[in-house]
Amino acid sequence: MLPSQRFMEQVRKKRAAAERVLRQLQEHPDTWTRVVTILQNSSIPNSKFYALQVLEGVIKYRWNALPVEQRDGIKNYISDLIVQLSSNEASFRTERLYVNKLNIILVQVLKHEWPARWPGFIPDLVSAAKSSETLCENCMVILKLLSEEVFDFSRGELTQSKIKELKNSLNSEFQLIHELCQYVLSMSQRPELIRATLATLHAFLSWIPLGYIFESALLETLLKLFPVAGYRNLALQCLTEVAVLSFGDFYDAQFVKLYTIFTAQLQMILPPGTNVPESYGNGTDEDQAFIQNLAMFFTAFFKSHIGVLESNQENQTALLMGLEYLIGISYVDDTEVFKVCLDYWNSLVCDLFQSECNMETPASSSPLGLQLNGMGAQLSRRKQLYSGPLSKLRLLMISRMAKPEEVLIVEDENGNIVRETMKDNDVLVQYKIMRETLIYLSHLDHEDTEQQMLKKLNKQLNGEEWAWNNLNTLCWAIGSISGSMVEDQENRFLVTVIRDLLNLCEITKGKDNKAVIASNIMYVVGQYPRFLRAHWKFLKTVVNKLFEFMHETHPGVQDMACDTFLKIVQKCRRKFVILQVGETEPFVCELLKGLPTTILDLEAHQIHTFYEAVGFMIQAESDPQRRDEYLQKLMELPNQRWVEIINQARQSVEYLKSTEVVRAVLNILQLNTSVASALGQSFLAQISLIYLDMLNVYRMYSELISSSIAEGGPYASRTSFVKLLRSVKRETLKLIETFVDKAEDAELIAKNFVPAMMDPILGDYARNVSDARESEVLSLFATIINKLKSVMMDDVPRIFEAVFACTLEMITKNFEDYPEHRLKFFSLLRAIASHCFRALFTLSSQQLKLVMDSIIWAFRHTERNVAETGLNLLLEMLTNFQASEFCNQFHQTYFLTIEQEVFAVLTDTFHKPGFKLHVLILQHLFCLVDSSTLTQPLWDAATLGPAAFPSNTEFVRDYTIKLLGTSFPNMTLVEVTTFVNGLFETRSDLGAFKNQLRDFLIQSKEFSAQDNKDLYAEEAAVQREAERRRMLSIPGLIAPIEIQDEMIDT
């Protein structure tokens, strides 16, 4: 080791040792008593911050356990120190970070003490603020922090009753704060103080009583400050908070006045017609923030008050000017600014669409009563008012359309056309919103949408606007409105688009250019299955064009050609197997004859996609004999190679050990899996041909892997050859699982397939060393049990014996090794519990304990999938045992353990995503205790006697209070008892029961200061489902290509 490296290593060790000591000191229960000494005597900032960190921990988690005099001592010391440091200009500026931390500590104290034990806090603060401008500035900071803690960050941090108490206190004492803010803004000449006051107002405006805003001089003051460059952004943020407010029409006149004065002032700052994107690009940070804040103001105001601006001519002129500004801002090259604008445009067009829907008569040409052909009744007044801005908005959406997921060919930072390597989730989210917006815009005026798109396409053809990005955004926009037009208009539009794109491909030179055009052709045609189904000639032309692209070796083109082919076949499969007018045979026959040539230049994974697509075609053939003939023809090449390999192996088994042969076997199996996934039950003829030979190859490769690991140790499992052999095993299992999952004849599977695989697959799993066991064996048998259900009852003991103990030994050593085996093992266990539950009764008590221990271990797991599978499995087991004759015996053994373990994961902060299931399990247990099915005592009657408790309910109540009282020493016995009694009172009402648990988690401080969205995940899921139903009701909002149906493919 070099001297410098040795020195760095010593420094690293010393730093680690120091951190360890500091951590131990911070965790010591009495360290906080030295905080004052450190703050008074230390001159090192880091020491002071460390001391404050210790103090913050005590205030957050142990405050109520401290004696009153100690609480008052901390409160007074922190308050005095803040006043001392912020009364003096010099110390306030130099110690700013320190004062900010003290402010945060004070607000943490307030959350416990105010208002009940510190009723004079607000009057004292306002009074102190008037004594010095720097102290006033800091008081504003404290008020801002307090408002944010109560109104912005309280969910998941404070109980619902505490939040209500703090909000009421702030509301009732706001007059003092309002007077202070108004006084500062009117009288102070100090820029820092005015900015701090505006920042505080910004935090308050969302919740203060409206009279303080509209019946005082506040708005007038803010509008006076808006033109002043130094205050412009803060004043604009405050005005935005006001713009968001909406309480009926009582203050409409004030809102109109606010908007009118604001737009008049804005014209002086940013004259109409200004090139906003250019101004943004050349502006300072403040200028750019101003444009962003301007977008926030307009979008907030329009969302809440656009109705009042529509009401008369004068207001309409101001409204249209605001929309013009917003369209200009929407062209700014900044993702965040565009997101703000896009969100508003989406809500505006959705609102206009809904109002059009409500006005139209049911006799209209569209299922939704829309004049989809652009003819019919007089356009509504609103539609006329917005026709100009909406036309500009269509152009904006077309020009800035985000990239859809299906497009694989992108321009890199060097301007080269390459295959995309990673999906950008932000872009995909943006695409979905833009697509929805464009769908609404299309519904509102199909003619304008179509004309704008065709006009831009024409400019691509004549070279006027030819550029990769221009063509991309245009084609992505064209693809995105699929399903929004009536069929005749869509047909006319698509004929022009596809013809022009094919022409463009012919006349444009250069490989990169052709790749971009090819990508766009493939994207557009893939989005319009209805058009392709109705136009066989176009469909055939498109598919032949895709076959052409399959020989184009430019990165990404072949992948996209195969993906698009698969997508089109899935939606138009029937068209390829029937005899079309003007053809001599179905297209599938023609395809199968030319198949070797078509796939000549494709890579293995592309051929698999191609074969899957042809599988879907064959599956659409209704004549079983013809279907088998097509399948035989499709599999001819791989089957010839398979027979050749098996024949050679029969002469010499060594032949199978060649790397080249192993790769060939793997490829053949992957092809079979691809076709099986498309054909389902119809794949029977093919799998029957290779099944037994495939199991023999599986057994042979498994023995080869075991001997390699036995000779070479654990490292042998990581060699490329062993990995390749394991890939063959996995693919074999995947092929069988795919076929079983898709098959419809369960009896056939049980009779012809399961017995043959028992020893080669199940026996092999048990015999193998840990590193050679395939997790897919577990998922295969889970699939078989889910498919065959109770038919597998007699086989469960054998499955249990083969996989249970050996798998548990692998996965319970830690939470990291064998991740695939974990989830699949519990999925298998869940399949057994669901369909072969009575087979568990045949297990010995020791084996059942092993099952229960493994379930508890599963839901303790930090991997979300494993934990959720464990919880679902436990819930099913509890339900099944409650209904069985073993209810008493099971619950006497496991009830208390389950309750204790579920409470442990509920409160440990690592398992928040499982909250919904924790609630359901605890509710089940609390309802079970006095149900008629549980007749024996849950306590140890042998030790305590059968009359130790009046009932199971009282025993569980007592046990739970003791359990939680011991686990949470920071909570009083009264708090714990109230919570447990609340659980028993609300156990029959899931919503109330859930709220009891949420409040307990906050009260116990286990979930404080963290992201608690998982506690509300169930409510979010309900909202998502409602949104999906809404989208399904509007043509085009869910792309036709994504709707999972057969789409009238006749």
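This is a predicted model: local features need pLDDT of at least 70, side-chain atom pairs count only at pLDDT 80 or more; totals for chains, interfaces and linings use all residues.
The protein averages a pLDDT of 86, with 90% of the residues scoring at least 70, although pLDDT stays under 50 over residues 361-379 and over residues 1006-1017.

**Helix H11**
- Helix H11 covers residues 191-204, and because its 14 residues should span 20 Å at 1.5 Å a residue, the 20 Å between its end C-alpha atoms agrees with expectation.
- Ten of the 14 residues of H11 are buried, so the helix is largely enclosed by the rest of the structure.
- The buried residues of H11 include Leu-193, Ile-194, Leu-198, Leu-201 and Phe-204, and the buried residues of this helix pack against helices H8 (133-151), H10 (174-187), H13 (218-225) and H14 (232-244).

**The largest nonpolar core**
- The largest nonpolar core has 347 residues, of which Phe-302, Trp-345 and Phe-565 touch the most other members.
- Helix H19, residues 335-359, gives the most to this core, contributing 13 residues.
- Leaving aside residues up to four places away in sequence, Trp-345 touches Leu-323, Leu-326, Ile-327, Ser-330, Leu-393, Leu-396, Met-397 and Thr-437.

**Segments with pLDDT under 50**
- For residues 361-379, where pLDDT stays under 50, the model has 30 contacts beyond four places in sequence.
- For residues 1006-1017, where pLDDT likewise stays under 50, the model has 35 contacts beyond four places in sequence.

Technical notes. Residues are numbered from 1 along each chain as its sequence is written. Side-chain values use heavy atoms; hydrogens and water are left out. pLDDT is the predictor's confidence in each residue, from 0 to 100. Contact means heavy atoms within 4.5 Å. A nonpolar core is a set of buried Ala, Val, Leu, Ile, Met, Phe, Trp, Tyr and Cys residues joined through side-chain atoms within 4.5 Å. Buried means under 20% relative accessible area, exposed over 50%, partly exposed in between (1.4 Å probe, protein chains only). Helices (H or I, at least four residues) and strands (E, at least two) are DSSP runs, numbered from the N terminus. The expected span of a helix is 1.5 Å times one less than its number of residues.
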